[in-house]
Amino acid sequence: MARDDTFLHAYGVGLVNSLRVIGLGLLLTTGLGLFSGVALLSPNWLLRSLVRSYVEIMRNTPLLVQLYFLYFGIILKLPSLREQLTLGPISLSQRGFFFPRPLPGTASGLWLGAAALSLAAAFWVYQRRSRIRRETGVETRPAWSALALALGVPALLWLALPATRFAWEIPRLEGLRMLGGWRLTPEFAGILIGLVIYTAAFIADIVRAGILAISPGQIQAARSLGLSEAHVLRFVVLPQALRVMLPPLTNQYLNLAKNSSLAIGVGFPDRCNVTQTVYNQSGQAVQMIALMMGTYLLMSLAIAAVMNYLNHRLQIVER
């Protein structure tokens, strides 16, 4: 940002930063929460005990304390740039996490276009084969067919046209700074990781309760048909459990979005941080706080609307 930028531009930057944290957070916390919830019911006692310990610790300690511990006690205790930890092409230091970045080749546009078309075709194939399986009962394996199309065409084109290969820009240390690659700032990493592991602990218990709400007879019937445990979970348990999980899952998604305001505790320039800076400089505290509250309200209503739509689509149709 330049010194002559308007306050509205500054608020827009803070809004974009918040949306980055919330978007990635919702995606990552869903995956971690689903895995943790299934692991809570695992027959492996060691895995079950480890996940239960993680869930209890996260659920019973304040999020702000966890953010302070993660940011000040772990991330800022990493080595300096000159003594950074390297995990292959990945570098970890107090100044952030650095990852390789792909650079487009001469024909990368052609390859990306073909990949996008193959994804669209894979979606159509999945829908068509799923409908045939529902109407006829014939096993068409829609997921495998769609996956083969989505990955096969880009892979063949990648091999046929070597010019489409992306070059990787590896982060490198020059003097007192890192050049090249992608950088994940310590503040962004702290708030993102903290929100994900905290919210996923609550989602894990939601997933566990949703699975336990399914009648044991459903699972036994699926096993008697010869389905593997993975297929029982995917085709029988989770689709039914999702109806039970969606309402409390919506609350956790909303909590993650609102808890992102704690980014001010680790110095990440989100909406709250930028709003405080703006009203300190402009003196318009009431207007800026009202704008921030309205933004959070619209964001929460948008998340709730999407989740309510999904909940409506998954309702059992009664005659």
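Reader: At what orientation to each other are helix 1 and helix 6: oblique, or roughly antiparallel?

Author: Helix 1 and helix 6 are oblique to each other. The axes of helix 1 (residues 7–39) and helix 6 (residues 186–212) cross at roughly 40° and come within 6 Å. An axis is a line fitted to C-alpha atoms, for helices over the stretch in contact, and the angle between N-to-C directions runs from 0 to 180 degrees. Helices (H or I, at least four residues) and strands (E, at least two) are DSSP runs, numbered from the N terminus.

Reader: On what kind of model do these values rest?

Author: The model is predicted, so local features need pLDDT of at least 70 and side-chain atom pairs count only at pLDDT 80 or more, while totals for chains, interfaces and linings use all residues. Residues are numbered from 1 along each chain as its sequence is written, and side-chain values use heavy atoms, with hydrogens and water left out.

Reader: Which hand does the crossing of helix 1 and helix 6 have?

Author: The crossing of helix 1 and helix 6 is right-handed. In this convention the near helix is turned clockwise from the far one by less than a right angle, and anticlockwise in a left-handed crossing. A right-handed crossing is also found for helix 8 and helix 10. The axes of helix 8 (residues 229–259) and helix 10 come within 10 Å and cross at roughly 165°; helix 8 and helix 10 are therefore roughly antiparallel to each other.

Reader: How far apart in space are Ala-302 and Leu-254?

Author: The C-alpha atoms of Ala-302 and Leu-254 are 9.9 Å apart in space, although the two residues are 48 residues apart in sequence. Ala-302 belongs to helix 10 (residues 285–313). Because its relative accessibility is 41%, Ala-302 counts as partly exposed. The classes are buried (under 20% relative accessible area), exposed (over 50%) and partly exposed in between, with a 1.4 Å probe and protein chains only.

Reader: What share of the residues in the protein do buried residues make up?

Author: Of the 319 residues in the protein, 36% are buried. The secondary structure comes to 10 helices and 8 strands, and the C-alpha trace spans about 65 × 50 × 40 Å along its principal axes.

Reader: How many salt bridges does the count come to?

Author: The count comes to 6 salt bridges, each being a side-chain nitrogen of Lys or Arg within 4 Å of a carboxyl oxygen of Asp or Glu. One of these joins the side chains of Glu-56 and Arg-52, at 2.8 Å from N to O. Both residues lie in helix 2 (residues 45–59), where they are 4 residues apart, about one turn of the helix. Glu-56 counts as partly exposed because its relative accessibility is 35%, and Arg-52 is likewise partly exposed, with a relative accessible area of 26%.

Reader: With which residue does Arg-52 form a salt bridge at 3.2 Å?

Author: Arg-52 forms that salt bridge with Asp-205, 3.2 Å being the separation of the closest N and O atoms. This pair links distant parts of the chain, 153 residues apart: Arg-52 is in helix 2 and Asp-205 in helix 6. Asp-205 counts as buried because its relative accessibility is 11%. A network of salt bridges links Arg-52, Glu-56, Arg-59, Asp-205 and Arg-208.

Reader: Is phi of Arg-141 positive or negative?

Author: Most residues other than glycine have a negative phi. Arg-141 has a positive value, near 50°. Arg-141 lies in the loop between helix 4 (108–136) and helix 5 (142–160), and counts as partly exposed because its relative accessibility is 49%.

Reader: Is Gln-220 buried or exposed?

Author: Gln-220 is exposed because its relative accessible area is 53%. Gln-220 has its place in helix 7 (residues 216–224). From Gln-220 to Val-232 the C-alpha separation is 9.3 Å in space, and the two are 12 residues apart in sequence.

Notes
Angles under 35 degrees count as roughly parallel, over 145 as roughly antiparallel, 65 to 115 as roughly perpendicular and the rest as oblique.
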